[in-house]
Amino acid sequence: MGKAWTFGENMNTDEIIPGRYNITIDPLELARNVFCEVKPEYAKNVKPGDVIVGGQNFGCGSSREHAPIAIKGSQAKCVIAASFARIFFRNAINIGLPILECPEAVAGISEGDEIDVDLASGEISNHTNGHRYQARPLPDFVLKIAEAGGIVNFLKEHDIQELLR
Amino acid sequence: MGTLVEEIFSRKAGRIVKAGEILLLDVDYIMSHDNTTPLAIRAFREIGKPILDKNRVVIHLDHAYPAPNVLAAENHRRIFDFVKEQELPHLFQQGVCHQVMIEEGFVTPGSIVIGADSHSNTYGALGAFGTGLGSTEIGVAWVTGKCWFKVPETIRVELHGRTQAGVYAKDVMIYIAGLLGMDGGTYRSVEFGGEYIDQLPLHERIIFPNMSTEIGAKCGLIAADQVTLDYLDNETPAKGKGPFEQIRPANPRYERLLELDVSTLAPQVACHPDVDNVKPLEQVEGLEVQEVYIGTCTNARYEDLEIVANMLRGRKVNPFTRVIVTPASARIYKKALQNGLIEILMDAGCTVTGTGCGACIGRHGGILAPGERALTTMNRNFIGRMGSPLSEIYLASPATAAATALTGRITDPREYLMQNAE
């Protein structure tokens, strides 16, 4: 169980981690400045297992992988959004940051709500208001990458051709 | 049989493919830069397998180059060491990656070029499939030579007519961004065509795929034609890689068709804080700015500098406005120098910097203070992108930037263009 941190529509990569902090690739260093301008209290108070909740087009903008890495480095369990921007979607899957697309959950979750997420089934429970939501299922090959914990781990064990088999 | 992206992917897959299919395709070139290469190296080391084809790897130092601080210098050092260790043939410090990719002939019709930079969509201007990815996938592509793609649905943007004097491709694209919105093209291929596009020179065509990124698109495409082939022949070393097929859509099924007559369009401005906060220039005319920045992969080509120089010739920019010009590439800079443009810009009071991404990402070369407002030729105006989160960015054409540089307020370029004509 974790606390929900809510963000608005079109949360862009500059807002997740401004360009001037991308000089490092260290997840913990990046996590220190994650959301520093839109929600400065996040980096100080986030606890392992907390959940990021965003609106439409979460992660739009730059291709910087620093954005999902910074979120993963902050120990958040996953990102739930109404929809994801395409590069962020790929990057999150590739580095093993769990993401769930579920507009109903986004509409039903407020800042600070107690949230439980079953990553395997995509079930999201809001213990503050008692509601449950079901996230959209991910395509099979994306699940293969997610289950391996990211594309790098997948490639250690498999040939790239196995992705679509 | 299909949209332009389906036609390109079908040739690569060796069979007819349709939107919605997931493919694993060979990529022709794999681009990354000083900001994104270090993470790609980390992924590469973790995978622990060799680079499949070193000739396909292209690395640029442009985002924070020359280094504005010690961390950036260390970053460059790491990349130099890696390129030496792996004996990679393509390392560039000649300007903004996307411009150099095109100038050096890496982008050809029907090819697939992936880049660890969101504006890799730019390559679609030459009928190539270009798309931005994260660093880890770049490391994966170094090792496998491949990348997975979901064949996207297509939005066709059909542009009719010709723009009026003082209105440029940038104004048209900003207007389209306003219509479609910053998530209007997400996961889609946005195909630009019609008689307006057909008669545009390549440097103007580039704006459309380049800014397709700002509406979330996977790619922005313009079918290759004689203009494309002539450009490749005359301006790049790509000739030897041809002959190139002029791939066109064939009985395409579009998800959406947007038709637009550009002949009545006035200069446009994308206002703080979103690219789709678009207004006709007259609605923001007179708004004071503290910086004018002419640069980036969107609008710092020779022809852009020429427009600016023609407007600034014999005039002085506002003394209380920083006016910064960053040519997109060394080749552009050299040509501008040889033809006297740089002298005109300097005489007018502009600060001309070395090539690269410069002020666009808020690293160096024009950072904004709290409360400052910039009018720029960039493609992106996210909050805090150029420096302080309390600053504002307005996007416009090079002509609007030049007119604004003279007054220190957002100014319609048509006034000056008419004066010049008289």
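1. Let's start with the contact between the chains: 46 residues come from chain B and 41 residues from chain A, where contact means heavy atoms within 4.5 Å. A word on the basis: this is a predicted model, in which local features need pLDDT of at least 70 and side-chain atom pairs count only at pLDDT 80 or more, while totals for chains, interfaces and linings use all residues. Residues are numbered from 1 along each chain as its sequence is written, chains are lettered from A and ligands numbered from 1 in the order in which they are written, and side-chain values use heavy atoms, with hydrogens and water left out.

2. On area, chain B and chain A bury about 3,800 Å² between them, with 61% of it on carbon and sulfur atoms. Buried area here is the accessible area (1.4 Å probe) that two parts lose on being put together, summed over both.

3. Now the charged pairs. Two salt bridges are counted between chain B and chain A; the rule asks for a side-chain nitrogen of Lys or Arg within 4 Å of a carboxyl oxygen of Asp or Glu. One of the two joins the side chains of Glu137(B) and Arg90(A), at 2.5 Å, N to O.

4. There are also 16 residue pairs in polar contact across the interface of chain B and chain A (both at pLDDT 80 or more). A polar contact is a pair of N or O atoms within 3.5 Å; within protein, one must be able to donate a hydrogen and the other to accept it, and residues adjacent in sequence count only if both atoms are side-chain atoms.

5. Which elements of chain B give two or more residues to the side that touches chain A? They are β1 (22–26), α2 (37–47), α3 (70–86), β6 (129–132), α5 (135–144) and β7 (146–150). The largest share, six residues, comes from α2(B). Helices (H or I, at least four residues) and strands (E, at least two) are DSSP runs, numbered from the N terminus.

6. Within chain B, the domain assignment gives domain 1 (4–260) and domain 2 (270–421), with bounds from an automatic or database assignment. Their centres, taken over C-alpha atoms, are 25 Å apart. The contact takes 37 residues from domain 1 and 36 residues from domain 2, and the two domains bury about 3,100 Å² between them, 58% of it on carbon and sulfur atoms.

7. Two salt bridges cross this domain interface in chain B. Elsewhere on the list of charged pairs, Arg380(B) and Glu214(B) meet through their side chains in a salt bridge (3.1 Å, N to O).
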